[in-house]
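Thanks for coming. I will take one structure today and walk through its contacts, its core and its aromatic pairs. Here it is.

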Amino acid sequence: MDQPRQNIIISKTEHFADRITKMYRYLSEKRQGDKDMLKQIVRSGTSVGANVSESQFAQSKADFLTKMTIALKEANETRYWLKRLYAFGSLSESEFKSIVNDNEEIINILTTITRTTRENLKK
């Protein structure tokens, strides 16, 4: 029996949410980073995967597009907060590059998904 195909955006956003949560815990324990900024990044960073997961049970293609667009917006917001944490010295250059690369990959995938879905809805 064949294994079910892994949905790449779901697995990447789940892994990303785990990384964001671990980063939040680490920086909170070390008291590195503004508390409010850390709360914002954990909200936006975990919201990406939550919206992608929710999109899997969308009621229509338009609903799917809406949820994926929200996920894309949340990923973009997360990029903003990652840049702020790096600018304030809460993340080292290697830590920042590692997690922001994951974030950029997710943004690129979500951009492709939303663009393709939008084009398919016009047909």
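Predicted model: local features only at pLDDT ≥ 70, side-chain atom pairs only at ≥ 80, totals over all residues.

Residues are numbered from 1 along each chain as its sequence is written, and side-chain values use heavy atoms, with hydrogens and water left out.

Arg 79 is in helix α3. Helices (H or I, at least four residues) and strands (E, at least two) are DSSP runs, numbered from the N terminus. Beyond residues up to four places away in sequence, Arg 79 touches Asn 103, Glu 104 and Ile 107. Contact means heavy atoms within 4.5 Å.

Now the overall picture. The protein chain has four helices and zero strands, in the order α-α-α-α from the N terminus. Its C-alpha trace spans about 50 × 35 × 20 Å along the principal axes. Of the 123 residues, 37% are buried; buried means under 20% relative accessible area, exposed over 50%, and partly exposed in between, with a 1.4 Å probe and protein chains only. Among contacts between residues at least 6 apart in sequence, 73% join residues at least 24 apart.

What about the length of α3? Its 27 residues should span 39 Å at 1.5 Å a residue, and its end C-alpha atoms are 39 Å apart, which agrees. The expected span is 1.5 Å times one less than the number of residues.

Also in α3 is Ala 75, which counts as buried because its relative accessibility is 0%. Leaving aside neighbours within four places in sequence, Ala 75 is in contact with Val 48, Asn 103, Ile 106, Ile 107 and Leu 110.

Leu 110 comes up again in the core. A nonpolar core is a set of buried Ala, Val, Leu, Ile, Met, Phe, Trp, Tyr and Cys residues joined through side-chain atoms within 4.5 Å. The largest one has 27 residues, of which Met 23, Leu 82, Leu 85 and Leu 110 touch the most other members. The elements giving two or more residues to this core are α1 (8-29), α2 (35-55), α3 and α4. Not counting residues up to four places away in sequence, Met 23 touches Ile 41, Leu 82, Leu 85, Leu 91 and Ile 99.

There are polar residues to look at on the inside as well. Ser 44, in helix α2, is buried because its relative accessibility is 1%. The side chain of Ser 44 makes a polar contact with the side chain of Thr 78, at 2.8 Å. Besides Thr 78, the contacts of Ser 44 outside four places in sequence include Glu 74, Glu 77 and Trp 81.

Ser 90 is in the loop between α3 and α4. Is Ser 90 buried or exposed? Ser 90 is buried, since its relative accessible area is 6%. Its contacts, apart from neighbours within four places in sequence, are Leu 27, Gln 32, Gly 33, Leu 85 and Glu 95.

Last, the rings. How many aromatic pairs does a search of the whole structure find? The search finds two. Rings of Phe, Tyr and Trp (its six-membered ring) pair if their centres lie within 6.5 Å; planes under 30 degrees apart count as stacked, over 60 as edge-to-face and the rest as tilted.

Tyr 80 and Trp 81 form an edge-to-face pair, 5.0 Å centre to centre with 75° between the planes. Tyr 80 is partly exposed at 45% relative accessible area, whereas Trp 81 is buried at 17%.

Tyr 86 and Phe 96 form a stacked pair, 4.5 Å centre to centre with 15° between the planes. Tyr 86 lies in α3 (residues 61-87) and Phe 96 in α4 (residues 93-122), so this pair ties together parts that are ten residues apart in sequence. Tyr 86 is partly exposed at 31%, and Phe 96 is buried at 12%.

Conventions. Polar contact = N/O pair within 3.5 Å; in protein donor to acceptor, adjacent residues only side chain to side chain.
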